[in-house]
Amino acid sequence: MKKHLHSKIPLAQTIVTLCEAKGIHHIVISPGSRNAPLTIGFSEHPEMNCYSIVDERCAAFFALGIAQQIQKPVALVCTSGSALLNYYPAISEAFYSDIPLAILSADRPIERIDIGDGQTIRQKNVFANHILYSANLYSEVVAEKEIQDPKILQKQREAQKHNEREINLALNAAIEKKGPVHINVPFYEPLYYTIENATVFPKNIPIEYPQYHISDDLLNEMISDWNQATRKMILIGVNFPEKVAQQWINHFAGDPSVLVLTETTSNIYHTSHINCIDQLISALTKEEFENLQPDILLTIGGMVVSKRIKAFLRAYQPKSHWHIDEKKAFDTYFCLTEHIRLSPNLFFSDFLPKTHHVESIYKSTWIGVRDQRRIQHTAYLDQVSFTDLKVFEIIFNTIPDQQMIQLSNSSTIRYAQLFSLRPTHKVFCNRGTSGIDGSTSTAIGAALVSKIPTTLITGDLSFFYDSNALWNMYIPSNFKIILINNGGGGIFRILPGKDESENFGRYFETKHNLTAKQLCEMYAISYNSVNNLNEAVTQIQNIYNKEHTPQLLEIFTPRTENDSALIDYFKYFI
């Protein structure tokens, strides 16, 4: 390994060494002074990919995007004080989306907290409610001369052992449990001294992965129930591409008693699946809901977007609800009966060979309804005016194959749920907490590390909220942003009981006249805008013919017409 400089502080050396040992090679650093020992250690290390992002909130979501794609921890390094708190939105998203992050916060020594010293807050356990592990390390005094006092030397050895163990436990938790961990690192000054040779050689404690298995009695009971049920529903939420093997998808496709419902973020495609859930169930009668009610509900993946499917399954509960996930199971529909703590592929490889297809009209009935809905969907869109809904149709008809699509929250993800995407599209959205705060930063981090051509589709509030995401040097030249600007929080206009008062426009819809043009000029992003149907088709096509610089296309839609177009869309199915 190429020789490099180390921070003189043993604690900083320990952290860098253990991160490298555990395969953590992406480090997102926000500038500061107190974190200098870590910044020096990581940036000097030849195996580390370091990124400098000033805004800590953006930095954290940028790291989230990287970790989302590589499925390994990404380290975040910040200085002391309020800098750390800006990580919290991304940490909560990582916590609920099972994305590994290692938060490394520099701090003042404990005796400097709450005495009026500058840039200090109570950093210990600050993320307690949304973290997998909090490690609070001991600080070290780095003396100018070699220490001879045996008592001090003993304390240093004890501190080193404590710190090594805590760092190992934290990083192991991030890897094994797939989520965020926090390591709080107090440093004494001086902070900037370096040395050529490491002075500590920390022990790498290996990860102990728990071994789960399903008992024979439970497996046999589930097999028996499955083979008897004539109405089985599989609902797939957020899911990393190719996480479920194609052979199991094909197996379900051939069973007439199994109906598979997939969300846009499931990244699972098959002609026998129902991929636009709200489109299917928005106009069902009570009798039709009763016919759709499953005997067994099997769920895979993370959060589900559709409020309609949640309401349906809570009102028309299955006899059994099984969730297949190595880590956790949410009782979203208030009827969870089994949490199988295995990966879907491992469970299906043991379970499905012991089952058989069951004769039923369940699948064919609802595939027939789906096909009719698709005809109605096309007919409505052929006559709808230039609105958000029409724009999303154009976007999804125009985006090329082999694209990563990153979606912002609020209106964007919900519109996306109404359209069929192509199997070559890989779709992501921050659905852990469903916030609008970091969509652009996440998309840039994901695009950078994946090397896949990426399109971010975002609404105006999401985009402007995270506009500092563009303040970095890591935006790939083939990165595209399609910004639908409807002049406010358009999703609030479809809510029942809304009015057109001044208060509604100011505090809910948040009307504005902002445009992204000046931001694009400042950050050297190619900018174009459209406000009609014909130009939209042409300009969306054009941005994919340009690869020399990141592109942003701003599409202005009529603020007061979008809600009625969407409401009438669902009425069209009645």
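Asp-225 counts as partly exposed because its relative accessibility is 31%, where buried means under 20% relative accessible area, exposed over 50% and partly exposed in between (1.4 Å probe, protein chains only). This is a predicted model, in which local features need pLDDT of at least 70 and side-chain atom pairs count only at pLDDT 80 or more, while totals for chains, interfaces and linings use all residues. Residues are numbered from 1 along each chain as its sequence is written, and side-chain values use heavy atoms, with hydrogens and water left out.

**Surroundings of Asp-225**
- Asp-225 lies in helix H7, residues 216–228; helices (H or I, at least four residues) and strands (E, at least two) are DSSP runs numbered from the N terminus.
- Together with Asp-216, Asp-217 and Glu-221, Asp-225 forms a surface patch of negative charge (residues with over 30% relative accessible area and no salt bridge, like charges being joined within 9 Å; a salt bridge places a side-chain nitrogen of Lys or Arg within 4 Å of a carboxyl oxygen of Asp or Glu).

**Backbone features**
- The peptide bond between Glu-189 and Pro-190 is cis, with omega about 5°, and Pro-190 sits in the loop between strands S7 (180–186) and S8 (194–195).
- Lys-178, although not a glycine, has a positive phi of about 55°; Lys-178 is located in the loop between helix H6 (150–177) and S7.
- Asn-267 also is not a glycine and has a positive phi of about 55°; Asn-267 is buried, at 10% relative accessible area.

**Whole chain**
- The protein chain contains 21 helices and 19 strands.
- Of its 574 residues, 56% count as buried.

How values were computed
Patch = residues over 30% accessible without salt bridge, like charges linked within 9 Å, V, L, I, M, F, W, Y side chains within 5 Å. Areas by Shrake-Rupley, 256 points an atom, 1.4 Å probe, with all protein chains shown as cover. Lys, Arg positive; Asp, Glu negative; His and termini not counted. Charge placed at Lys NZ, Arg CZ, Asp CG, Glu CD.
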